[in-house]
Structure formats: structure tokens, C-alpha cells
Amino acid sequence: MDIQADNRCFGGRQLVVSHASKACAVDMTFGLFLPPEANDGPVPVLWYLSGLTCTHENAMVKAGAQAHAAEQGIALVFPDTSPRGDGVANDDAYDLGQGAGFYVDATQAPWAPHFQMRSYVMDELPALLADAFPIDAERQGITGHSMGGHGALTLALGQEERFRSVSAFAPICNPTASDWGRKQLSAYLGSDEARWTAHDATELVRAGKALPPTLIDTGTDDQFGDLLKTEALAHALAEKRLEAQIRLQKGYDHSYFFVSTFMEDHVTFHAEHLWA
């Protein structure tokens, strides 16, 4: 590992770390915030998965999460959204390729050699963190924004033993029925739509997968509301009688102004379950 930056932040440390990823077969970079309590031993961890076009840096700089995490004594991890670099497949569109990994393990050319983001986030990076930093692997929560909200929900569904809580800001809730999903899932996973459902929160709920405690915020003025399909997930949760908080925030859009406004609520929500 190469620690590229180590800054004092709200009494703790904000790190930027790069490492050679076996899953993605390329160097990857992530942000890691360690609260002051990490000096005394392992602390709970909240994963933050970012959205389309983002790197590890967007939420680390814009979301305002560190102050709240320091207050609650939990670590934050900001992975990148895809593999990057020379030799890594890409596309001219912003919503496919580098910056748009969708947190799946690609099976199709030219994406399969590097785009193994599900394995990276679920397996490789947690193991690396547990070995190198004071992280309590038994106390994990996960959140994310937009494409990252999609990732947080799909990774958490059926994983109650792994994640104590999940939240999302304006998540893509039903990608198999959205232009933000069908294009990417077909490119990464092929034309067999049956393979897509494992990466669709609404379809996973319909299939009976359970969620850990869940909080979702979406703005009523989100410019991408038709692509998010929040109502489809709400209907599926109601049909299965699954408990979740879905809040429509009046006047808010899809930006980091929205995310930062409600970040304290989300960090507090996770802390209640991580320290329980």
C-alpha cells in the first residue's frame, strides 16, 4: 500500500491510499477516515459508495461526513467507482466504463478483466482494511449516492450478518427497468436479463431478500427522478411487509448539497446500529 495523503481531520486522520488490486488487476485508490477512537483500538466502519463519474475524492471532500463520523466514533471508507488507467476499458459515455462500475463483477468483454467491483468492495478491500487498520469487521454499515446507493442496497440485501445497517441518497432502485441500468447491466453481464436481477434492489426485495435496518432519502426535485424509480422499491417493500424508512425531501435535487444536508442523519442512523 502507498499512503498518498494523511491529513489531520476533526481530531482523526483522513487518508488517501493506493494499492495493487488483485480483483481489478490494476492499482486502486480509496479514502479512509479514522476517528480519534481508532488510536485506542478497532472502530466500526461505514462504507460510502459514490455515484457516476465520481472518484474516491468526491464524497470525501463534498459530503461533510467526517465531522459526524468523528462525533460518533466510526470510520469511513470511500472506494473508487471503477478501475482506471491505461489498458482499462472505457466508453465515451459518462455512464459506462471508467467512473461507472455499477458495483458488479463484469463477465463480458472488454470489461471482465478489470471491472470486478463487487468482489473488490465486498471481499478484497475489507480484507485489506482489516489487516492494515484498526477496523472492526464485525460492525459494518454501508451507504451511497445514486449509482452508489444502488450498490449499497444491492450489496446489503440478504447480507444482514455482514451489514448492520444500510442507507442511500437518491439510489437507483430498479435498474433493470431504467435507462440507468439496462445499458450498463447488458454491457457488463450480457443479454440474459435473469443475471441482472441480482443487481436490482427492487427485484431482490421481490425475490424475498431481507434488508438490515434501512434509511433512504430522495429529493422531490431530483432531476433524475424518472431514472431512480424510488416508487418501485417502495411498492416492493410494502408487498413484502419489509420495514424501511423512505423519505422524500421537499425541494432537494441530486447534488452534493442534498447529500451533505442529510449526511448527519445518515451517519447517526448507522452509528445507532453499529454501536448497538
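Is Gln140 buried or exposed? At 5% relative accessibility, Gln140 counts as buried; buried means under 20% relative accessible area, exposed over 50%, and partly exposed in between, using a 1.4 Å probe on protein chains only. Before we go further, please note that this is a predicted model, in which local features need pLDDT of at least 70, side-chain atom pairs count only at pLDDT 80 or more, and totals for chains, interfaces and linings use all residues. Residues are numbered from 1 along each chain as its sequence is written, and side-chain values use heavy atoms, with hydrogens and water left out.

**Around Gln140**

Gln140 sits in strand β6, residues 135-144. Helices (H or I, at least four residues) and strands (E, at least two) are DSSP runs, numbered from the N terminus. A polar atom of the Gln140 side chain lies 3.0 Å from the backbone oxygen of Ala137. That is a polar contact: a pair of N or O atoms within 3.5 Å, where within protein one must be able to donate a hydrogen and the other to accept it, and residues adjacent in sequence count only if both atoms are side-chain atoms. Leaving aside residues up to four places away in sequence, Gln140 touches Val45, Trp47, Arg162, Phe163, Arg164, Ser165 and Leu274, where contact means heavy atoms within 4.5 Å.

**Helix α9**

One of those partners, Leu274, brings us to helix α9, where Leu274 is among the buried residues. Helix α9 covers residues 256-274 and has a kink of about 45°, centred on Phe262; the bend at a residue is the angle between axes fitted to the seven residues ending there and the seven starting there. Phe262 is itself buried, and other buried residues of α9 include Tyr256, Phe258, His266 and His270. At the N-terminal end, Ser255 caps the helix, with a side-chain oxygen 3.2 Å from the backbone nitrogen of Phe257. Phe257 belongs to α9, yet this residue is exposed, with a relative accessible area of 69%.

**Aromatic rings**

Ring pairs link Phe258 and Phe262 with Phe169 and Tyr252 into a cluster. Rings of Phe, Tyr and Trp (its six-membered ring) pair if their centres lie within 6.5 Å; planes under 30 degrees apart count as stacked, over 60 as edge-to-face and the rest as tilted. Across the whole structure there are 9 aromatic pairs. One of them joins Trp111 and Phe115 edge-to-face, at 5.3 Å centre to centre and 85° between the planes. Trp111 is buried at a relative accessible area of 6%, and Phe115 is buried at 1%.

**Cysteines**

How many disulfides does the structure hold? It holds 0, a disulfide being a pair of cysteine sulfur atoms within 2.5 Å.

| Cysteine | Relative accessible area | Closest cysteine sulfur |
|---|---|---|
| Cys24 | 0%, buried | Cys54, 17 Å, too far for a bond |
| Cys54 | 6%, buried | Cys24, 17 Å, too far for a bond |

**An exposed strand residue**

Finally, have a look at Ala20 in strand β2, residues 12-21. Ala20 is exposed, with a relative accessible area of 60%. Not counting residues up to four places away in sequence, Ala20 touches Val26, Asp27 and Glu124. The C-alpha atoms of Ala20 and Asp2 are separated by 9.3 Å, and the two residues are 18 apart along the chain.
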